[in-house]
Amino acid sequence: MKKSLLYSALIALPLLAGCNSSSNSNKPTDPGTGIPENPIEGVYDREGPVADFLATPYLQHPATDGMTVMFEPEVVSEADSVVYYREQGSSGPYLPIISTSREYDSLSLVQLARIEGLHSDTKYDYFVRTSAGDSKVYNFRTWPTESDIANNSEYTFIAMSDTHASDRDRWGEGLTGLRDIYENGIIRNECLGDVASCNDLISGIMVAGDLVYATNVRKAYRDFFNSSHELAAYIPILPTPGNHEHDGGNIEGYDIYLDWPEQMGWDKARYTYSLDFLNLRMFFFDSFVKTDGGQEYQYDWTKEELEQTVHDADIDYVLGITHAPCKSSMWLSGESWKACEFVDLLHEYSANSGKLSGHMFGHTHAYTRGNDKNVPHVALNVATSVGRIDHFAEFAQHDYDTVALSNDENGYNIFTMTAEGDKQITMTRRNGGSFYRGFQHEFPVYETQVYKVHTGPSQPMINNIGFTDPGVIAIAATEFDGQPETKHYETHWQLSSTSDFSEDVNDIWGNTTRAYNWWYNEEDFLDEDGNRVVNECNPYAGKNEFCDADRLDTFPVDTQKGVDITSYETVSSAVPGSTIYARVRYRDNNLNWSDWSPVQDLDYKGVATDNLVINGDAEAGNEDGWDHYPKTQEQTENALRSLPKGACGIPDANGERVFQLGNLGDENCNGVGYGFGGVASQTVNAIEELAGYTGSEPLYATYSSYMMNWGSANDDPIWMYVEFLDEDQELISKTEDIKANSSKKLTKYMGAELAPTGTHYVRIVMESEHKAGTDTDSQFDDVELILSMPEL
């Protein structure tokens, strides 16, 4: 438990604050209160000695009626350190609060003084007196209540991540980069150059984890606060821990140097909490929680709090702050299923309330911005502020449909919310540059986005739908007609075999239906055969300032430049002999959808097979029909197993059973005690199965499967693809992998592809890969493969 604070009696002292006197570091104290007996105690002693600090005073745990002041004096003595405060503009004496150290601070160095009973939306001057002397006078502003809304119709927070306070100073890392962010970024631009009055402009600084990066824990946290150029003495830092806080014993330093509301219980998930600022509710979520049952505790608590927030008329916005990403386009290995559970709760909140939500994260050292498909929810990677940048093409990456912009440069974000009138969030990103393109020490604005809930665009209409080639559908709709000052941001097409879109829905939304999609040019790194030929220059690896001449730099490019998003062309996932139903809706750049258009239909003529996959649903209780092998050296293990729903913790199945691909649990659940992935496939003879097909006609393969894994797409991944083979069953070509990104819930994935001329056999393949632990959490169900020939 945290040590209780020793509060002094708040007794008004008779001397005027403007009087000065000589300092006496050995003043006698009242043994009853511990407060010095000398009446000059209520007076700021500027003529006396100046106190020095290992960690200069900084603010934590803001509230409408309170604030925590923390510091670490350079000289430790038996004499108490005291924080003095008074309302700014007051002519009365400063009131004293004796600071204390935490019980778990073995050195009793870091001091904390919780000041309570304050007025809302009020500025207070304060200073710290140690045995060595007085600090300078700082000030803080308490947070407002609803009665203060007239003075707070707009308010602003800063968000950043991966500040990595440490001794590393190269290429914008460590202390040099952090000081630069504060001095040349936040203080110059957001504080207008005046630190002491910055709390009139900024209400808090949210840091989404990895505050520090060091094994010298105390020095790292000192550096973190001292690098702020005293800004942390005027504006509270609002933290959540990252992996570098939890690793290497740094979490002990986090406990000692930081303060936050204890809402979850010290032994459960103590770093999870929420804060309210007028009509904004912030949830801080620990994506690296280590305590036994901690994830369950914080998930259940957050779920309950969000369910109550849905019905709270005073809350218009919800922001989640966590360290690890749910989806990370720039570093797949950094994805976290714990973060995904948190994000799902935020999506659910917006779906149930119709209000704006968002979440910010770090861990991946690059800036990304994305949004959910259906609800007004924004996902922001607010890293990296200082940490070593994760560059394009450097790691396993994926251009997710939920991510509209990725950029491998550092910087920070600014959020401005309205408290009355039209409710909106204005998000601005400032860019600090990178090693490759040069650091931009003035931190220019990179982008600004406005999000608000209002009436969406006018209902679009489908003007035209038809086939341009056998099996290829072209659709065109009316022009975008939205609210004033809005733009056409996204289009969402749906094709289905049913007029009510209840079955076989082909969802077309994302990077190819958005007004822009900023990613890098992947072809720069591939040869004619699609093989990677170069690696990005990485100056960090050996701290080598020079890069080889054949290394390529990357820049974000708009892959949608020149694309008309009121039209779309796609291979039909339907099969000949059916009717295709189509509809469309438009979204503006404030994240408001139009109504769906009226449904249009199209007859699809031709011939098709039934589903050619044998035992694709696992209900037979065996693996008949499947060729399969384990991805091990000896290949003696069983790769595929039909298991009952719930066996060995399998969370989902479409029927009573589901296929497990790879090792899981004990021998009863296809387990052998060590992890491995697997491959399962079925091959069909297209000429025998499809009447009239000889190998030269247009042949389409339509395929689908329900798939899931335990966490993110990179956590024991499972994927499917189709191979096209000649008459000797030699490979001609294959489709792109369709990779599952569905945590613990079976989700249908589907594809359609025109087979190359000369195809005689078609093979559908399910494949999994083991990543960590002894289990391979990869399952699939209801696999289908249909071959068809559209009418020419």
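Guide: One term comes first. A residue is buried under 20% relative accessible area, exposed over 50%, and partly exposed in between (1.4 Å probe, protein chains only). This is a predicted model: local features need pLDDT of at least 70, side-chain atom pairs count only at pLDDT 80 or more, and totals for chains, interfaces and linings use all residues. Numbering runs from 1 along each chain as its sequence is written, and side-chain values use heavy atoms, with hydrogens and water left out.

Now the disulfides. A disulfide here is a pair of cysteine sulfur atoms within 2.5 Å. The structure holds 3 of them.

Start with C326 and C340. Their sulfur atoms lie 2.2 Å apart. The torsion about the S-S bond is about 90 degrees, so this disulfide is right-handed. The pair links distant parts of the chain, 14 residues apart: C326 sits in the loop between β14 (317-321) and α6 (337-353), and C340 sits in helix α6 itself. Helices (H or I, at least four residues) and strands (E, at least two) are DSSP runs, numbered from the N terminus. C340 is buried, at a relative accessible area of 7%. C326 is buried too, at 11%.

Next, C648 and C669. A disulfide joins them, with S to S at 2.0 Å. The torsion about the S-S bond is about 95 degrees, so this link is right-handed. C648 lies in the loop between β34 (640-644) and β35 (657-661), and C669 in the loop between β35 and β36 (678-685), so the pair ties together parts 21 residues apart in sequence. C648 is partly exposed, at 36% relative accessibility. C669 is buried, at 6%.

That leaves C191 and C198. Their disulfide has an S to S distance of 1.9 Å. It is left-handed, with -65 degrees about the S-S bond. C191 is buried at 1% relative accessible area, and C198 is buried at 0%.

Contact means heavy atoms within 4.5 Å.

L231 leads on to the core. A nonpolar core is a set of buried Ala, Val, Leu, Ile, Met, Phe, Trp, Tyr and Cys residues joined through side-chain atoms within 4.5 Å. The largest one has 95 residues, and those touching the most other members are F157, I186, M206, L231 and M282. A second, separate core has 32 residues, V684, L699, F724 and Y749 among them.

Step back for the setting. The protein has 792 residues, and 57% of them count as buried. The protein contains 7 helices and 43 strands. Among contacts between residues at least 6 apart in sequence, 71% join residues at least 24 apart. In α2 (residues 217-226), 8 of the 10 residues are buried, so the helix is largely enclosed by the rest of the structure. Among those buried residues are R218, R222 and D223.

To sum up: C326–C340 and C648–C669 are the right-handed disulfides, and C191–C198 is left-handed.
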